[in-house]
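Please look through the following report with the sequence and the structure side by side. It begins with the domains and then turns to one strand and its partners.

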Amino acid sequence: MKKILIAATAAMLVTGAGLFGASAADKLKVGFIYIGPVGDLGWTYQHDLGRLAMLKELGDRVETTFLENVSEGPDSERSIEQLARAGNKLIFTTSFGYMEPTLKVAKKYPNVHFEHATGYKRDKNMSTYSGRFYEGRYIQGIIAAKMSKSGVLGYIASFPIPEVISGINATMLGAQTINPNIKVKIIWANTWFDPGKEADAAKALIDQGADIIMQHTDSPAAMQVAAERGKLAFGQDSEMIKFGPKAQLTSTMNNWGPYYIERVKAELNGTWKSEDFWGGLKSKIVVMAPYTNMPDDVKKLAMETEAAITEGKLQPFKCPIVGQDGKEVECKGGTHLDDGQVLGMNFYVKGIDEKIPGK
Amino acid sequence: MGLIEAIILAVLAASTPLLLAATGELVTERSGVLNLGVEGMMIVGAACGFGGAWLSGSVIIGALCGIVAGVLMSLIFALMTLGLAVNQVATGLALTILGIGLSGLIGSRFVGEKISLAPHLYIPGLTDIPLIGRILFGEDAFVYLSLALVAGVWFFLYKTRAGLILRAAGDNHASAHALGYSVLRIRMFAVMFGGACAGLAGAYLPLAYTPFFIPGMTAGRGWIALALVVFASWLPGRLVIGAYLFGAVTILQLHAQGWGVGIPSQLMSALPYLATVIVLVLISRARTGGSTAPAALGTVFVPDR
């Protein structure tokens, strides 16, 4: 038994991280750290598409290395440092949990530039970048409320971090514009990626009466379950229509290519500066998959909403926002919640019956 | 379909890969070999199982590909630990790491492809019985196979002479050797059986659970299967209880969240593991003639010539 325990611990330490990429002289070396496998068809897949788009444009001056399946937390520090030591001058760390490790390595390697996705801590050689995914979720909420017959939405969440919570809130705010009494059932999978568990969660939600499935986990498992059960669903991160040709309504897709191209160009030109980038539909970091499996009027409404958000006419977190406790949330952005409030969101809006886990 | 029925169906589906992999590992460990590479054999089984089914269009061929892949992986293990007498723990871990990488390589061309799920049994009349019909007569073939396999393993271990010899090799390889049995050959077959079961368990995931292949889709189920063998204190009957208990806690915690039970979801996600620990403690406290670990488990055997 002891042996098994030691072995299991060792196995967790030695994650299946694989080192790719060959070295060539005087090309700029750019590194990427991925949370999942590049073939996850979700979060990591989209980051890798972004990397490939960047290579396509700048491949003659840039070479890339990526480490996949790097688990979050202290263990990732080793992987980030490995990339820094290997001569990468710009390193993208693409998951929230890499925040502290990236910061630590950035302090150790002041001449290397770091870019951390979805975090909020920066340094003079460490930028942050993220997508305003909640914009897409707001549109999804509107579509979901229009399409739901039971009035119950099923939401598979990953971890109770602000990004996920703001996604749930944006969905509900969108849905409430159509049906003020709409309900949402939330199941926390406590993982970003476990197809079996994601499928189980989708089944549980459907069995409990939800007829629209949305997810904040990475695999197309939930989409496939919805398709099998004849329900509707939203894709996550990438186009998932293949797994539910009759089920996918749309998908909020992450499109990192433009950002990676811009930042690597800046590095090549010596103009790289530590920044905080947060782009949405307008900067095409967030892109909606075609609106499918819905009547024309819903499709029209979705497209109008998308256009309004893109033009800045519509703010998903438009004040007044009423929290779960019935109190109005302070409106720091004038007409809408400011970025800090969205990035640090830790409350549910009115209309959600459940509690944020651990709160 | 009622909610209880739906939950039981989900539990059976979630438990089956665990039961399959754990059954194989139980036989391997009963022969005295500790193969920690279950996760690696499973994930290669998943990749090959999906590939076989996708290329041929047949679930059965997919399942066979998964089994063959698992056996081939286990043969690497057998060559190292039995042939070259390498440390079993280290080799098993290496096998898992190898399997994760290899499955990504094999599966890379299948990523994004989709197959249709394994058909479920349908017997007119019987399957239509309310409540129990679909549970008893409406599963996919793997569910029945896994139960038959456990029953077969129980019969083999306790009712046949070959099973007795296998257990002897696991409890005292020197004595078994002295009696003229080829310990290494017995162990090789046991390791191969473990590989076949793990491969099949891996193939179950893309064939009957989520009909696509994604690298890493076993998501630690191989490690749970290993824990289940200990949990079952190396007894096939307890293995069934353990696997279904584990599946039940996994599924019920998802439903409990949907119902809005006011327990933090992090705690509920930990419940299956917590349940394992509690049962392990209970078993070790109340051991009355129950089986313990095979005495020679994990030890290398080199026959003197």
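## Two domains

In this predicted model, the domain assignment divides chain A into domain 1, which covers residues 2–131, and domain 2, which is made of two stretches, 133–253 and 286–312. The C-alpha centres of domain 1 of chain A and domain 2 of chain A are 29 Å apart.

## Where the domains touch

Contact between the two parts involves 11 residues of domain 1 of chain A and 13 residues of domain 2 of chain A. On the side of domain 1 of chain A that touches domain 2 of chain A, helix H2 (residues 43–58) of chain A gives the largest share, with 3 residues. The residues of this side of domain 1 of chain A comprise 5 nonpolar, 5 polar and 1 charged.

Is strand S6 (residues 152–157) of chain A mostly covered or mostly uncovered? Of the 6 residues in S6(A), 5 are buried, and the strand is therefore described as mostly covered.

S6(A) runs parallel to strand S7 (residues 183–188) of chain A, and 6 bridges join these two strands; within this pairing, Val152(A) has Lys183(A) of S7(A) as its bridge partner. Together with helix H6 (residues 162–176) of chain A, S6(A) and S7(A) form a right-handed β-α-β unit.

S6(A) also pairs with strand S8 (residues 212–215) of chain A, again in the parallel sense, over 4 bridges, and here Leu153(A) is found opposite Ile212(A) in S8(A).

Note on methods. Residues are numbered from 1 along each chain as its sequence is written. Chains are lettered from A and ligands numbered from 1 in the order in which they are written. This is a predicted model: local features need pLDDT of at least 70, side-chain atom pairs count only at pLDDT 80 or more; totals for chains, interfaces and linings use all residues. Domain bounds come from an automatic or database domain assignment. Two residues are in contact if their C-beta atoms, placed from the backbone, lie within 7 Å. Ala, Val, Leu, Ile, Met, Phe, Trp, Tyr, Cys and Pro count as nonpolar, Asp, Glu, Lys and Arg as charged, and the others, Gly among them, as polar. A residue is buried if 20 or more other C-beta atoms lie within 10 Å of its own, exposed if 12 or fewer, and partly exposed in between; C-beta atoms are placed from the backbone. Two strands pair if DSSP finds at least two bridges between them. A crossover is right-handed if, with the strands pointing away from the viewer, the path from the first strand over the helix to the second runs clockwise.
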